[in-house]
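Hello! Here is the structure I promised to pass on to you. Please open it beside this email, and then read on for what was found in it.

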Amino acid sequence: MFTYLCRRILISFVTLFIITIIVFVLVRKMPGTPITQLTLADPSREISQENMEMLNKIYGLDKGPITAYFIWIGNIFQGDMGTSFKEHENVAIVISRRIGPTLLLSITSLIITYSLAVPMGLFSVVNRGRPSERILSTTLYMLYSLPSFVVAIGLLILFYQRLGWLPPGMFSDDYSQLEPTYKILDIAKHMILPVLCYTYGTLASLSRFVKSNMEEVIRQDYIRTAKAKGVAPLNIIVNHAFRNTLIPFVTMIGLTLPGLLGGSIILEQIFEWPGMGQLFFKSITDRDYPVIMGMILMYSVLTLLGQLLADILYVFVDPRVTYK
């Protein structure tokens, strides 16, 4: 196990190096620079050639992409993610402000999704071919086919513009004047529509994932043997069949780790939610290289950690898996 972990960690570092250097070079090759983006945002601001060269030197834009990358990676090893060109703050602080709002949506959505998807998937297997299963499967298929941004716009038109109930944003205008309990309720009210849009598509796909894996397992010989021995149907589904679908299930759980902090660029823009997706979009628009690379580094590390965590959990869900 220890040898396997060391090998995986070494491979992860190599993978991380390759990902970050490719993205760093590609980001630097995008049209425009942080300085030119400032002039586009404010055409009245004219920057002389002398000042342009001075700003390029201050921001480190006068160096080639490879040289700048190794300077950046050296600072990362010292715990310095750089300074945001736009916010003029440490990148770690800029990102940390957006983590909380994104986690509010993603964790709430994740809890709802897994709490509903597994029972719905098992229900579909137990009631296969019955009208209730067909209605549920058709509904899930329709939900899976609906683009989340279309649903988000429709919900805003209905509940905000027409009914005036659920406004976009994370807080109401009088949030600072509310008591602590009402502050929590205010945030919860603003979370309803974003969480709904985050959840329904994942719920539909995960339910279908559980169902398809269960249908494959229940055709195995040991399931037929359990039925022949008179084992209760619920016991067969939960203790025999579902346990043997846990490996692909664990894989999916591992892949959700980066999604917890990834946010959604489109949904956060629509709902004006101050999360990671919105920050990533703005950093690309502003050519804020340090923030872009800080977020890419975070997503890459979380993705690799999620895959490593899934591999480790395989041993616990399936005793046949070993790392010898």
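This is a predicted model: local features need pLDDT of at least 70, side-chain atom pairs count only at pLDDT 80 or more; totals for chains, interfaces and linings use all residues.

**A buried methionine, and what surrounds it**

Met-293 counts as buried, because its relative accessibility is 1%, and buried here means under 20%. You will find Met-293 in helix α14. Leaving out residues up to four places away in sequence, Met-293 touches Thr-20, Val-23, Phe-24 and Trp-72.

**The whole protein**

Now zoom out. The C-alpha trace spans about 85 × 60 × 35 Å along its principal axes. Of the 324 residues, 40% are buried. Contacts across the sequence are worth a look too: among those between residues at least 6 apart, 71% join residues at least 24 apart.

**The nonpolar cores**

Which residues have the most contacts inside the largest nonpolar core? They are Trp-72, Ile-95, Met-295 and Met-298, in a core of 32 residues. At least two residues of this core come from each of α1 (2-28), α4 (65-77), α5, α13 (276-285) and α14 (289-317). Helix α14 gives the largest share, with 11 residues.

Not counting residues up to four places away in sequence, Met-295 touches Ile-95, Met-276, Leu-279 and Phe-280. There is also a second, separate core, which has 23 residues and includes Tyr-114, Ile-218, Ile-237 and Phe-242.

**The largest pocket**

The largest pocket has a volume of about 460 Å³. Its lining is made of 20 residues, and those nearest the centre are Ser-109, Tyr-198, Thr-202, Thr-256 and Gly-259. Two or more lining residues come from each of α5 (91-126), α7 (148-162), α8 (180-217), α11 (246-262) and α12 (265-270). What kinds of residue make up the lining of this pocket? It divides into 10 nonpolar and 10 polar residues, with no charged ones.

- Glu-133 sits in helix α6 (residues 131-145). Is this residue buried or exposed? With a relative accessible area of 6%, Glu-133 is buried. Its side chain reaches the backbone nitrogen of Gly-129 at 3.2 Å. Beyond four places in sequence, Glu-133 touches Ser-124, Asn-127, Arg-128 and Lys-211.
- Ala-204 belongs to helix α8. Its relative accessibility is 0%, so Ala-204 counts as buried. Setting aside neighbours within four places in sequence, Ala-204 is in contact with Leu-140, Leu-143 and Tyr-144. The C-alpha atoms of Ala-204 and Leu-116 are separated by 9.7 Å, although these residues are 88 apart along the chain.
- Ile-157 lies in helix α7. Ile-157 counts as partly exposed because its relative accessibility is 35%. From C-alpha to C-alpha, Ile-157 and Met-120 are 30 Å apart in space, and in sequence they are 37 residues apart.

**Two loop residues with positive phi**

Last, a look at the backbone. Most residues other than glycine have a negative phi. Two residues in loops have a positive value instead. His-88, which is not a glycine, has a phi near 60 degrees, and its place is the loop between α4 and α5. His-88 counts as exposed because its relative accessibility is 56%, and exposed means over 50%. Glu-272 is not a glycine either, yet its phi is positive at about 55 degrees. Glu-272 is placed in the loop between α12 and α13.

Enjoy exploring the model!

Key:
Residues are numbered from 1 along each chain as its sequence is written. Side-chain values use heavy atoms; hydrogens and water are left out. On a 1 Å grid over the protein atoms alone, a cavity is a set of points where a 1.4 Å probe fits but cannot get out, and a pocket is an open set with protein on both sides within 12 Å along at least five of seven lines; lining residues have an atom within 4 Å of a point. Grid points are joined across faces, edges and corners, and a volume is the space filled by probe spheres set on the points. Helices (H or I, at least four residues) and strands (E, at least two) are DSSP runs, numbered from the N terminus. Ala, Val, Leu, Ile, Met, Phe, Trp, Tyr, Cys and Pro count as nonpolar, Asp, Glu, Lys and Arg as charged, and the others, Gly among them, as polar. Buried means under 20% relative accessible area, exposed over 50%, partly exposed in between (1.4 Å probe, protein chains only). A polar contact is a pair of N or O atoms within 3.5 Å; within protein, one must be able to donate a hydrogen and the other to accept it, and residues adjacent in sequence count only if both atoms are side-chain atoms. Contact means heavy atoms within 4.5 Å. A nonpolar core is a set of buried Ala, Val, Leu, Ile, Met, Phe, Trp, Tyr and Cys residues joined through side-chain atoms within 4.5 Å.
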